[in-house]
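Please read them with the structure open.

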Amino acid sequence: MGSLTVPQTAPTKVRPHITVKNLTMAYGSFVLMRDINFTVHHGDIFIIMGGSGCGKSTLLRHLIGLKEPATGEIVYGDVNFTRADLQTRELMLRRFGILYQGGALWSSMTLAQNVGLPLGEFTDLTPAQIREIAALKLALVGLSGFEDFYPSEISGGMQKRAGLARAMALDPEILFFDEPSAGLDPISSSLLDDLILELRDNLGATVVAVTHELASIFAIGNNCVFLDADSRLQIATGDPKDLLANSSDPRVRKFLTRGKDGGEH
Amino acid sequence: MNETSNIGGQGAVSVTRAADSNLLIKLSGPWHMTRDVPSAAILRKELESASALKTVSFDTSGLTHWDSGLIAFLVQTSTACRARNIEQDRSGLPDGLRRLLELAEAVPEKKGTRSATARAPFFQRIGNLTIGYGLSVGDFMAFLGDLTVAFEKLASGNARFRRVDLVEVIQDCGASAVGIVTLISFLVGVILAFMGAVQLSQFGASIFVADLVCIGMTRDMGAIMTAIIMSGRTGAAFAAKLGTMKVTQEIDALTTMGISPMQFLVLPRVIALVLMMPLLCLYADFLGMLGGMFVGVGMLGLSARNYLQETISTLTLTNLFGGLFKATFYGFLIALAGCLRGFQCGNSSSAVGDAATQAVVMSIVMVVVACGLFAVVFNVIGI
């Protein structure tokens with residue numbers, strides 16, 4: 001993948017891409033999180049973090065419209081996603097690429113078909129062009145030669161990368177990752193981090209990732225929200241490196257230092 | 001030498017032979033893959049036809065927008081160049097584009113990974129199928145053997161399964177199936193009665209409809225209709241449930257904990273279905289006769305009393321228990337097919353669907369074959 005330096009500079013365009021306003025997430029009458037407010041800018045790599053069971057994945061499901069907010073709204077650019085009608089939403093969803101935790105590849109299709117499906121449905125490309133682009137996307141995630149394999153024939157890590165290739169199929173504006181490094185070895189996981197950076201830099205995508213992999217958080221994240229399960233509130237937002245250096249909240253410090261720090265605060 | 005192809009409002013590519021050994025590829029316009037982008041085939045032809053070509057270089061000064069469409073185009077170009085040992089000078093490409101290209105080429109294609117797509121010759125396919133069937137008989141026997149061992153454990157009181165599971169399965173394949181069994185067997189009784197009435201009423205012997213329905217339901221129809229309902233309802237459910245457990249590695253988790261999946265999962269299912277099938281069959285027999293009576297009294301003008309009397313005088317315990325015995329055996333076959341197919345399920349969601357389909361097909365085939373055998377055997381021993 002070549003030697004990559006992690007760009008520490010802020011993205012040039014600081015325009016809000018995703019704005020979450022007063023979001024409350026609930027399952028029925030059980031409130032999971034309330035008063036969530038944050039802004040993701042164009043080109044950000046935004047991390048959603050917090051302990052297990054605090055609602056990270058649920059927040060992601062809200063962002064991609066799989067779950068409706070109890071109150072509050074989610075705005076993309078200047079289009080209100082929460083209030084948008086079904087058709088507008090469908091068009092917006094087409095600009096998202098989503099990598100699910102287990103890859104969520106369609107098991108009855110080969111990898112090339114998995115990646116090619118959205119291309120076939122939403123573009124006028126010929127089957128040969130679709131195949132070329134699918135092969136390219138698979139090559140980008142290091143899976144050249146696996147076009148005709150079924151998901152059940154490859155390993156879990158490869159399924160994850162194939163899932164990423166599918167998420168990138170339509171050159172999305174926003175990439176959502178649910179636990180991208182879960183189940184990957186440290187090297188694969190750092191390669192995936194590099195890939196995410198590379199894609200952000202070269203395709204100009206905004207990235208939103210749910211993760212609690214500290215190495216990834218500091219390596220790629222330049223913005224984040226920290227959810228706390230006990231108070232059911234977001235207790236921090238901003239650059240994770242800043243939070244580590246400056247946050248006075250013991251819960252945030254404890255999390256970011258793997259429990260080594262935070263006792264003395 | 002100057003050649004241009006496909007200039008339009010969209011992405012375009014033109015080729016200039018700058019020096020003798022150099023080809024300049026000019027990329028211009030917006031390249032959106034959602035619109036029509038030029039195919040790399042044109043360029044490939046150009047590369048192949050040009051002689052004494054040593055290098056290609058790129059000019060992207062006219063390029064206004066690019067996405068994956070352009071990267072795919074360049075990867076194709078690059079493959080064509082490498083095949084002809086032409087060097088590429090990528091300094092004319094935008095940085096991001098160049099890096100993505102490098103990324104796409106960073107991991108070489110795994111050799112020998114492409115699945116063999118060659119179709120085997122006709123006779124080889126027939127041979128493979130035959131061997132496959134032969135092996136599946138072996139699998140079936142092995143499964144049956146494992147099940148026998150599990151039953152032996154059960155007999156010695158060492159079988160490991162949760163009683164609550166057994167009760168749940170019993171409820172699911174017993175009480176919950178009563179509704180559909182009611183409907184189907186009542187209608188089967190009605191159909192039998194109508195079939196008999198067409199002929200029997202010609203001889204003024206309508207009353208024998210009662211005999212026909214009674215013998216028909218108790219000997220065979222009750223058992224076989226219940227078995228077919230249960231294959232579709234419960235056999236498929238067994239296969240889908242066990243298949244999903246296989247996919248999610250729940251069965252592996254049981255095995256590695258030292259709990260035999262055969263005892264834990266299969267035993268309760270077989271026991272439940274073997275216990276419930278005769279009960280459902282008895283119920284179906286009764287409902288079938290009720291359906292026959294409905295036709296006899298309602299359409300053929302027989303009196304309810306006569307019909308009932310005729311039925312009771314025809315009903316023999318031999319027929320009734322013969323039918324119940326068959327139903328019990330069918331129940332065993334259905335549970336066996338469902339569990340076997342569930343255990344053999346592959347590792348994907350579509351495999352679970354296949355397993356359920358195969359379970360239903362297998363159990364219905366086995367039930368009908370068994371029914372034919374029973375008919376012959378019962379005839380020979382004179383029941």
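1. Two residues are taken to be in contact if their C-beta atoms, placed from the backbone, lie within 7 Å. Axes are lines fitted to C-alpha atoms, for helices over the stretch in contact, with angles from 0 to 180 degrees between N-to-C directions. Helices (H or I, at least four residues) and strands (E, at least two) are DSSP runs, numbered from the N terminus. On these terms, helix H1 (residues 56–63) of chain A lies across strand E3 (45–50), E7, E8 and strand E9 (223–228) of chain A, and runs at about 140 degrees to E3(A).

2. This is a predicted model, in which local features need pLDDT of at least 70 and side-chain atom pairs count only at pLDDT 80 or more, while totals for chains, interfaces and linings use all residues. Residues are numbered from 1 along each chain as its sequence is written, and chains are lettered from A and ligands numbered from 1 in the order in which they are written.

3. Chain A holds an open sheet of six strands with mixed pairing, in the order E6-E7-E8-E3-E9-E10; two strands pair if DSSP finds at least two bridges between them. At the edges are strand E6 (96–99) and strand E10 (233–238) of chain A, each pairing on one side only. From one strand to the next the twist averages 15 degrees.

4. Within chain A, strand E7 (residues 174–178) and strand E8 (residues 206–210) run parallel and are joined by five bridges. Phe177(A) stands opposite Ala209(A) in E8(A).

5. The contact between the chains takes 24 residues from chain A and 27 residues from chain B. On the chain A side, helix H4 (127–140) and helix H6 (186–203) each supply at least two residues. H4(A) gives the largest share of that side, five residues.

6. In chain B, the axes of helix H2 (residues 68–83) and helix H3 (residues 95–106) come within 10 Å and cross at roughly 55 degrees. Leu70(B), Ile71(B), Leu74(B) and Val75(B) of H2(B) make the contact with Leu97(B), Leu100(B), Leu101(B) and Ala104(B) of H3(B).

7. The domain assignment of chain B gives domain 1 (2–106) and domain 2 (147–380), with bounds that come from an automatic or database domain assignment. Taken over C-alpha atoms, the centres of domain 1 and domain 2 of chain B are separated by 68 Å.
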